[in-house]
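My notes follow in the order in which I worked.

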Amino acid sequence: MIKAYREKKISCSPEAVKPLPKTYAKRGAKTLQLMTPFFEKMGVHSDQFINEGSCHFYGAPVAIILCQDDAFPKARFVDIGLTLGYFILTAYDFGLGTCPIGLITAYEDEIKDLLNIPENKNVVIGVALGYPDSESPINRFKSSRDDLSRFVRWIG
Ligand SMILES: Cc1cc2nc3c(=O)[nH]c(=O)nc-3n(C[C@H](O)[C@H](O)[C@H](O)COP(=O)(O)O)c2cc1C
């Protein structure tokens with residue numbers, strides 16, 4: 001996957017697909033800025049850490065690939081989202097850490113070849129699973145949360 005990343009150079013940024021609306025782009029840039037001192041402490045560049053890190057599941061001992069049969073309509077991606085959400089919470093309950101890896105979908109052909117995944121399955125998301133490394137500076141970074149009122153519209 002790292003080899004494929006170095007050839008294709010498709011990055012983790014959602015903007016790799018389409019420019020984001022300003023508010024999301026600003027929030028993403030701000031988060032990245034806040035993360036920078038943590039990357040500096042590790043002596044790595046953010047781009048390399050995130051993109052190459054994603055492509056090798058951050059060195060986690062377990063990499064899970066969630067696929068869905070392409071006979072299902074797009075709305076059924078929600079099923080994968082639900083599975084992923086419960087999986088993350090259950091793993092946490094066992095003291096395990098997870099990181100969903102969406103970037104792998106950019107390298108779907110390579111993954112399917114490598115793992116012999118049938119053509120009619122869509123690679124929807126990957127998940128890195130393992131015990132969190134509390135010594136790693138980046139694992140001490142906590143992202144902020146926006147106020148609900150900024151993205152939920154209550155009617156009635
Ligand atoms: C659908 C989805 C795809 C993601 N893809 C990636 C990825 O490719 N690489 C990565 O490092 N993190 C990825 N993440 C993890 C996020 O960058 C982030 O660490 C995680 O959602 C926790 O967010 P929080 O720090 O705001 O709680 C993904 C998360 C989600 C929900």
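Predicted model: local features only at pLDDT ≥ 70, side-chain atom pairs only at ≥ 80, totals over all residues.

Entry one, the start of the chain. I looked up Met 1 and, leaving out residues up to four places away in sequence, found that Met 1 touches Cys 55, His 56, Ile 104, Tyr 107 and Glu 110. I then turned to the largest nonpolar core, which has 15 residues, and recorded that Met 1, Ile 101, Leu 103, Ile 104, Tyr 107 and Ala 128 touch the most other members. Strand 3, residues 121-130, gives the most to this core, with five residues.

I traced an open sheet of three strands in the order 1-3-2, with antiparallel pairing. Strand 1 and strand 2 stand at the edges with a single partner strand each, so one side of each has no neighbour in the sheet. I noted a twist that averages 25° from one strand to the next.

Going through the pairs, I found that strand 1 (residues 62-69) is joined to strand 3 by eight bridges and that the two run antiparallel. Within that pairing, Ala 63 has Ala 128 of strand 3 as its bridge partner, while Asp 69 is partnered by Lys 121. Strand 2 and strand 3 are likewise antiparallel, paired over five bridges, and here Pro 100 stands opposite Val 127 in strand 3.

Entry three, the ligand. Which residues surround the ligand? I listed Cys 12, Ile 50, Ser 54, Cys 99, Pro 100, Ile 101, Gly 102, Leu 103, Ile 125 and Ser 143. Sorting the shell by class, I recorded seven nonpolar residues, three polar ones and no charged ones. Helix 3 (46-55) and strand 2 (97-101) each supply at least two residues of this shell, and strand 2 gives the most, with three.

Note on methods. Residues numbered from 1 in each chain as written. Near = placed C-beta within 6 Å. Helix = DSSP H or I, 4+ residues; strand = E, 2+ residues; numbered from the N terminus. Nonpolar A, V, L, I, M, F, W, Y, C, P; charged D, E, K, R; others polar. Core = buried A, V, L, I, M, F, W, Y, C linked by C-beta atoms within 7 Å. Buried ≥ 20, exposed ≤ 12 C-beta atoms within 10 Å, placed from the backbone. Contact = placed C-beta atoms within 7 Å. Pairing = 2+ DSSP bridges. Axes fitted to C-alpha atoms, helices over the stretch in contact; angles between N-to-C directions.
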